[in-house]
Amino acid sequence: MYDFKFNHPLPTTDTLALPVDDTVDPVKQAQELVDKLSFVWGNSDAQGFTDLFVDYGVWRDRLSFTFDYRTFNWRENILKAATDLFPKVQATNLTFLTPKPTIQRPYPDLAYLQFVISFDTELLNNHAVANAVLTAEGWKLWTLNTVAEELHKFPEVPPQDGHMTGSISWESQREKDDNEAVPEVLIIGGGQCGLMTAARLKALGVRTLVIERGERVGDIWRKRYEYLSLHFPSWADHYPYFPYPKGWPTYTPAQKMGIFMEWYAHALELPVWTSSNVTSASVDSEGRWTVEVNKGGNEQRVLYPKQVIMATSLCGVPMTPVIPGMESFKGGVIRHSSEHDSSRNFVGKKVLVVGTSSSGFDTAFDCARRGIDVTLLQRSPTYIMSLTHSVPRAIGGYEPDSKGKNPDTEEQDRLWFATPVGPGEELAARNAEVLENLDRELLDGLNAKGLRTWRGQRGTGNFTLGQTRNGGFYFDAGACEQILNGNIKVEPGYIKSFTPSSVILSGNRERSYDLIVFATGFSNTIDSVRATLGSEIADKVGPIWGIDEEGEIKTAYRESGVKGLWIMVGFIPFSRYHSKRLALRIKAILEGVATEPYTS
């Protein structure tokens, strides 16, 4: 799942030997770099463009030049890509965007100039976020992230007039339109990924239809365990076109999120068929799709979309280990965490939770707050971070001001998604070390109670874990205190076997439990693709998630290996950001203006 090959230390002031003092004018220095960028782009000067970077510089592009997601690490690869691309794509009209150029100083030995610009190509309006460092040769680009924003010829459509002129009510007309939907794009899955992508496509005038297996939009959150609240602050979780109202809780209860998603679909008039699922799908060599759908559980429909998006989440199918004696165990209830809604019926009994990622901690916390005798069984270490320290450092830019006013979400997204994987890992490793020191008392206390912690994969906290395993970490939402005060016990190891009445843990420790919850995660998204679209299609899809050699997420948001099939996955900020780029790409394809993705 991790193939990246271009790690490089941070450009610290000791290695550059040039500290950035407080007299530097960031606006002036940024303008000089923008003038140079404008010149080399305007003259298709690949060598001149490459010379603007430090030797280990990184150019990441999302559609603007490559019409794909690509990262070019270090000068050699930047030069090759620029030489190939600049004769075909010219960038013009460079202007500054907010926030204004600044000197960023995240650590005492690291300072860089950051600025954001808008620019045009023939096809697209775009933005770029640049980070530059001071060298003996002057300011040089460390990273440049170029990203598509809008198709010139196909902007978002204006709103409808809204006056009722038809012969039936608005609600009846909506029901009729949804029932008779003839989609250009079929979206399978009505969670945040599916709804946001549908909203983006609708804004571009693309006919879409969402197929959702739940009885209601939002069931993906509404029917999860009843004590769940989202672990990410709501001010970083806004949906496009329909942000949360003022006064929304910082950590959204899952059932409230389910209701909001239903509002979202209604407010944006997104066509959704609930209680529906795909029964068969096929695509020919020309990319012509035929999809049969069981609509509402009682009617077969055949659709012929031009594009299909799998938005059934990053999770495939629940993974429960097969353990000797499990089938004959009669001593208690066994279930996967995806089937567990509450611990309220196990008060006065004993519960074992297998697995120490977010779901495991949440389930153990629910038991502890009800006074249930609960044990966490931990096989491998977990990356733990307190919300107090991690949230401000990771996503503080999204936080409302003292008067409750939210910053511009798109502006923050530009900055938050701008850092390529190589520099991102180095910054994340620094941050993980800082957080570990800030959380030292918490971590030492957990370790003393038997919980093993670590700094995460490659020592980057949850940065690499999130892009490879999508698990193995926990934002402390209350369970850690229950471990410290002894209300949640921790045992090391794994379940070795079952007897008819007991559980045998590794080391031949025999225990009895009334409920065993396997918080052991899910398989890869490809299993969901296979179950929905069939093996013939799934076998052609590339690996989903993980980091490729360049530093891009594998397959998601990009060509999947099957013509006209796209994979849309990720937590809410990912969904918001990448749904915009995917919608632009699909709109360009449908309108016949898309360029071939750069593959060299």
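**Charged pairs**

I started with D366 and R369, whose side chains meet in a salt bridge at 2.9 Å, N to O. I count a salt bridge when a side-chain nitrogen of Lys or Arg lies within 4 Å of a carboxyl oxygen of Asp or Glu. The model is predicted: local features need pLDDT of at least 70, side-chain atom pairs count only at pLDDT 80 or more, and totals for chains, interfaces and linings use all residues. Residues are numbered from 1 along each chain as its sequence is written, and side-chain values use heavy atoms, leaving out hydrogens and water.

D366 and R369 are separated by about one helical turn, because they sit 3 residues apart in helix α9 (residues 358–369). Helices (H or I, at least four residues) and strands (E, at least two) are DSSP runs, numbered from the N terminus.

Is D366 buried or exposed? D366 is buried, at 0% relative accessible area. R369 is partly exposed, at 47%. Buried means under 20% relative accessible area, exposed over 50%, partly exposed in between (1.4 Å probe, protein chains only).

Next I checked R70 and E550. Their side chains form a salt bridge at 2.6 Å, N to O. R70 lies in strand β2 (residues 69–73) and E550 in the loop between α17 (535–538) and β24 (565–567), 480 residues apart. Both are buried.

I then asked how many salt bridges the rule gives. The count is 38.

**Strands**

I turned to β17 (residues 383–386). Y383 and M385 point one way, I384 and S386 the other. All are buried. β17 runs parallel to β18 (residues 473–476), joined by 4 bridges; strands pair if DSSP finds at least two bridges between them. M385 stands opposite F475 in β18.
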